[in-house]
Amino acid sequence: MSLRQNQPTRPSLNQGHRSNTWVVTPAKPLTHVDQDLAPPACLSAEPHGPEAIRDPLQHYFGCIEISERRNFLDLEITAEDGSKIKNPIWEYEAELERQKLKAQVKTPDESGQPDGTEAARIAQEQKVASRVDKKIGSIAVAIDAQYERTLILREALRNAPDPGASAPSSASQATTAPPPEVKCGHLVLRVKESSKAWRESKPYKEGIRKVRTWKGIEEYRGWVEKFGPFRSACKKRVVDRNIPDSAMDPDHENIREVVKKYRNVQKLDSKVGDYDLLKDVNAYLIQYTRTKGAKSVNSFTADSFPPPMDSSVSARQSMQDDHFEPTDEELTDIRFKGRFPDQRLSMSLLLSNTQKSDSNILWKELYKDKDPKRIRYFHIPSNNMEWIEQVIAGYYGEKRPDLGSSHREPPVKTQTRMLLRPQFWRGQQNGARSGVVHARHMRPLCERISSEINEIEDNPKNIVLFMPYMHWETDRMRSSVARMIDVESQKQRVKTESYNLEKRKERKKIREKLDSGARKTTHGTEHPNQQIIDRLSRNEAPAKKDGIRIERSMSQLFKDVAIHIDTDRHGRLKLKNMNPLGQYLLDAARLYEGMSTWRDQNMLEKYLYHEPPLHPRRTLDQSYYWTLKTTKVRDRDQVVYRGTNMDLEFCHKLHKKEPEKKETLLSKWMRVRPATPSPDSPKSENEYQWTDHWSRTDEHGCDHCKNDIKKVSQLIMVDQLWMWVLDEQTIVTSFPRRYGYNKHDLSGIHKSIRTRLKSARNNQIRSVYDLALIILDECSNTFFDRTKTEDSQPQVMDIFSEAIGNVTNQHTISFQHVWHWTQKASHVYRSKSKFVDSSQLHVPLLDIHPEGKLQREVKDIIDELDIMIHIHRKQREVIRRFCKHVEHILDPEGQWKDGPWDQRHNEHMDLHRSNRFHNDPGREHDRATKKDQLSWFRMQSQELLSEVDDRVDELEGLRKGAESTATSVNDLLSLKQQQASVVQAWESVNQAEEAVRQGRSIMMFTTITIIFLPLSFMTSFFGMNNIEFGSSGTDWTIAEQTKLMFPISFGIVLISVIVTFSSLLRAGVWSVYTYVATWLMVKLGLYRVWLTFSDEWHAQRLMQKTEEEVRKMKDEIRKAKKIRRSERSLCKKDKDNENKEGEGTEIEVKDKRRNNPPIPFSIELNNNENGYPKPGTQRKRTANTVANGNGTGNHADTSSRGHPAPPNGQRPPSASSSQPVEERVSRVKMQPEHMV
């Protein structure tokens, strides 16, 4: 029975208890799969049973009710009536274990009982119960560790120092005494404040009252009938648990009791300790042990050993009986947590002891006596060079050497120093001397190394491998860690500057004792760029930048709404009039994010600039363009980022509703409906609305908005695999995990490795090199495994294919647009009109922004595909070298080569060696084991190399498609530019012709002006009334008139010149005029009338219409003239034919009105049954023939042209009469006018 069967969905805050203790539950990221169609799983709102539980830890903290946690690990639960109920979770696990046992090879049990008996069934149930019990113990340890980690992280965040009070902003402040640390704990404090405000709100009190009533005793019977006795038993635990922060959660106490049982300890430390980075980081340990068959090889003697021909066969059979099986450490060892393949231990325990003792987990001789053939695989979840050096030293039981010291030669040679020689370790680090953090990486390498100190090893069995691989990360977590790196880089710069300043001061003191005699140059005490340094180093800058960034994105989403995001100095959002629960959830999310990134923050603070340093994760562009100082802009331009990010251009936006407008008298007269409802309609309760939303979306929700909300911006990251294969028994790997994830990253590389090993078949791991091949395969197969759809891992190949398809589709649309405008341009070129308008062609053909955008996008796609192909080629090269080295290790003498001839040679050598080692069965068994390991490794390596080649081919296929699209876009851009050049040339020709015409007109006007301007001036001047010119009745003199005339003229000319050459004054006058005119036209309703008739009142269009009508009238006259000419020509030809033939065909042509259009005439022929005219018949023609195009042509005798003579003395038809009359007249009509 499902735990949530028929249960109504209720929101859960995932609290540890009802007070303020929050548990960091591993949040499952949102996926791009439609959750409505996907089956329910953990952390989903839908009910799900035990079959949907993939991670019990996730299910414990994220799915079940708080009241159900007490009985989560119990096999049986006591119901209200006292009956025992089996826990459906562990009953389902027991059933799975039974199925696993049935699927195994059936052999008699340990007691010797055959299958099917009662004793065998009891033994099987005991084995099932033991496995389920071990799993419960492992889950209890994991839950206890999660509780403890949550308490430690919460306490660490509460006691964290205020970054604004502890970090110096410049070197001058760093040299002074540091201020005392001020405890900040703003994340925890803000959650407490918002939690208190929510609990004191009215909705909370009303809601909690309803919940308690819902869970009351009076509804217990209905609860039992609806949800079953198990949920009813859990439901009775309804307690108001107001527990202080210092007390332990009751559910945590129950878990610790279970842990005590499985750990065999009486007491566990309940004190919350300080945060320790080495304890928080877990290393994983995967082990395989060799199991012996029923009969060992060592049991054979010389007498009982088979003949030489069959010795190899018996050795192979014994080798098949001996195979590797998974193993792990018992839970009684408190150093380990979890079972195979998820067994882990903290880095503090792994690195605490590096001596040659049994307490050293890494020591290579730890299982020398108990299990000498055991395979061990240690994984370090970080590219931390110091941890690797300590792990290698612990493997050999030595002290970590000082590899950074510049000695002429090492004082003491050790195996660790030989394995970590500069050419295989620190010398392969690139960007070590660069100040750019993302420049750090190990060059791709795969080499064999000898760890012998004094002797030369002929066949070294140690392999070192460095290989890049691709993974992914969310943009939010990457940005958060990038800000942490910037802060640490600033601290390092300040520290380096202060150190150099102190050194300069010391050297200055020494030089002051010497009198150089040179003149000193003094400057100001303040650094010239001190203000810039202080502004960049201010610690509250990231919070302000976050607020500005959020405000900008919110302003794009909320289109016309005035959104102002207030943030404090720590980046906390403070929204006005927010629901207390909303503020509480925001603060809780910030606390969860702070607890998730706390480990990464401490890792960066401690090891980023350590010697040797930490290698942080890099983006795709950082890995290739590692010489650049920053790649922030390029990272936000990734194809995967654009494919997973919400497009603000097409998302639904919140805007204000349009104000309701009254209908004017003019609009009523014009019968134009208003754009908004009338004021009599009911007012909406909300003055805002979303675009493309209507009543149905308000009721059922908008699918488009849901899909946008589910999108999480993601990026491609390039990580590094560091791997050492030591002595054919141990593998040490180091590669990072995603930021903020502790254990529950379903797309993690090591998680994929563990999942693959968990489902591996028997005898699939035959050597340590098979395990190494699985690691290499999972690292290179991250984005090519389409089966990983349950996590939010981006489907990179599909995203690139979709991006190329989108560019191709947009290119097709753009080509159609260009073809459309090209056709319009062709009509313009061929038009005979003088008033054709080509201005509409300028903007579409000269605007290359759409094509330029496509070109930029496809160039980005090609660039990123080139980087990915480069990385996979490096992987292929490294894997090939690894396979080559392994084959040399397993077959140093080249005994078992590959190929047909080599196969026959190998069989001959096997026969020879089997006879040779007849008396040494152990050596023969080792030889057969090596051969089997080599053949199995060859098969697996060839398959892996083939898959790597297929991945490279797939990427190259995508690149070819993108390159083809880029070529098409370039061709389209060239075509558009050429067409724009043609349009410009055509416009230039027209403008030149227009300039010539205008020049002639201006010349005529200039000539006239030259002639009449002096005459008009003289007549005007001498026509003035003044005393000098003898005019009576006026007192004006010519001097007075001149004083008024010239200043006024000069002022008018000056104002005109100022208005002409002053753009600001001209713009002001134009703006005032335009605004006033538009306002008057809108208020008077004239603009609506203008919109109605604007198309018909356009001057250019009016002239074009007039010109078209004139052209139609002219065409009608030409057509009528053409028909008359054709008519006269036909009549003349018929008369000539009649005169020549002398037949009695009568032709009647009647045309009473020659000035009117021709009267249609027709022809009637009397033909015989063969189609020839009858002798003596006459043809009658009317005016309908020519009008309908049915005129006849020449009826001359065609017998001379080779036609056969007609029968019965009939006259053969002419060439023209053998064709229909319509075709002959139509040919006349189709002739050009000058031909007619």
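What follows looks at one strand with its partners, and then at a pair of helices. Keep in mind that this is a predicted model.

Start by finding strand 6, which covers residues 375–380. How many of its residues are buried? The count is 6 of 6, so you'll find this strand mostly covered, given that buried means under 20% relative accessible area. Now check where the side chains go: I375, Y377 and H379 point one way, while R376, F378 and I380 point the other way. Whichever way they point, all of them are buried.

Next, look at who strand 6 pairs with. One partner is strand 3, made of residues 282–291, and this pairing runs in the antiparallel sense over 5 bridges. To see it for yourself, find Y284, which stands opposite H379 of strand 6. Another partner is strand 17, residues 730–734, and here the pairing with strand 6 is in the parallel sense, over 5 bridges. For this one, pick out Y377, which stands opposite I731 in strand 17.

On the helix 32 side, the contact is made by I1058, V1059, T1060 and F1061; helix 33 brings in S1063, L1065 and R1066. Sorted by class, this contact has 4 nonpolar, 2 polar and 1 charged residues.

Key. Residues numbered from 1 in each chain as written. Predicted model: local features only at pLDDT ≥ 70, side-chain atom pairs only at ≥ 80, totals over all residues. Heavy atoms only, no water. Buried < 20%, exposed > 50% of the residue type's maximum accessible area, 1.4 Å probe, protein only. Helix = DSSP H or I, 4+ residues; strand = E, 2+ residues; numbered from the N terminus. Pairing = 2+ DSSP bridges. Contact = heavy atoms within 4.5 Å. Nonpolar A, V, L, I, M, F, W, Y, C, P; charged D, E, K, R; others polar.
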